[in-house]
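Hi everyone, thanks for coming.

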Amino acid sequence: MIGAVLNRLAFIVANVLVMIILHGNSRQWWPRIPYLSLRDESVGEHTRLLFNTLAVVTAGQALIGRLPRTYWLPRALTLGVVPALLPGLIWLGRSGLRLKGAIAERYNLALVPILPVMAIVVEDRLAAALNTPEEGVPAETAQ
């Protein structure tokens with residue numbers, strides 16, 4: 001139980017750090033990473049940034065053996081679902097809530113840790129749905 005919570009917390013922290021590194025704003029002291037960093041501040045580029053962030057963290061987890069095989073398909077689906085929701089969340093802040101200035105920046109900044117949390121929730125729900133034991137087979141013996 002505690003190990004699962006720590007793994008999820010590590011996933012969130014890794015996503016936040018990778019997103020900061022890949023964002024590539026003008027005040028950073030490290031160079032932009034070709035093909036992964038933002039090219040401009042458009043919604044499409046931010047969606048691509050979120051996908052790249054999740055993909056880099058997923059690749060890192062797979063390389064160090066921290067992504068169980070039962071989560072490979074749910075993670076692959078999550079890589080499509082969560083970035084697809086980002087344009088709607090950005091629209092909600094800009095047009096739905098009509099946020100401007102500093103409040104809009106806080107909203108956008110709040111999305112940085114919320115999006116990995118949302119990815120965890122989506123992934124766990126997908127894993128539960130996709131990795132259910134076969135009907136008629138007790139859970140202890142199903143593989």
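Is the crossing of H1 and H4 left-handed or right-handed? Before I answer, a word on what you are seeing. This is a predicted model, in which local features need pLDDT of at least 70 and side-chain atom pairs count only at pLDDT 80 or more, while totals for chains, interfaces and linings use all residues. Residues are numbered from 1 along each chain as its sequence is written, and side-chain values use heavy atoms, with hydrogens and water left out.

Now the answer: the crossing of H1 and H4 is right-handed, meaning that the near helix is turned clockwise from the far one by less than a right angle. Helices here are DSSP runs of H or I with at least four residues, numbered from the N terminus. H1 covers residues 2–23 and H4 residues 101–130; their axes come within 9 Å and cross at roughly 135 degrees. Those axes are lines fitted to C-alpha atoms over the stretch in contact, with angles from 0 to 180 degrees between N-to-C directions. H1 and H4 are therefore oblique to each other (angles under 35 degrees count as roughly parallel, over 145 as roughly antiparallel, 65 to 115 as roughly perpendicular and the rest as oblique).

Who touches whom? Contact means heavy atoms within 4.5 Å. On the H1 side you'll find residues including Phe 11, Ile 12 and Met 19, and on the H4 side Val 117 and Ile 120 are among them. The residues of this contact divide into 10 nonpolar, 1 polar and 2 charged (Ala, Val, Leu, Ile, Met, Phe, Trp, Tyr, Cys and Pro count as nonpolar, Asp, Glu, Lys and Arg as charged, the others, Gly among them, as polar).

On to salt bridges: a side-chain nitrogen of Lys or Arg within 4 Å of a carboxyl oxygen of Asp or Glu. The structure holds 4 of them. In one, Glu 123 pairs with Arg 75, the closest N and O atoms being 2.2 Å apart. That pair links distant parts of the chain, Glu 123 in H4 and Arg 75 in H3 (residues 72–96), 48 residues apart. Glu 123 is buried at 8% relative accessibility, and Arg 75 is buried at 4% (buried means under 20% relative accessible area, exposed over 50%, partly exposed in between, with a 1.4 Å probe and protein chains only).

Finally, shared partners join Arg 39, Glu 45 and Arg 48 into one network. Glu 45 is 3.6 Å from Arg 39, N to O, and 2.8 Å from Arg 48.

Terms used
Helices (H or I, at least four residues) and strands (E, at least two) are DSSP runs, numbered from the N terminus.
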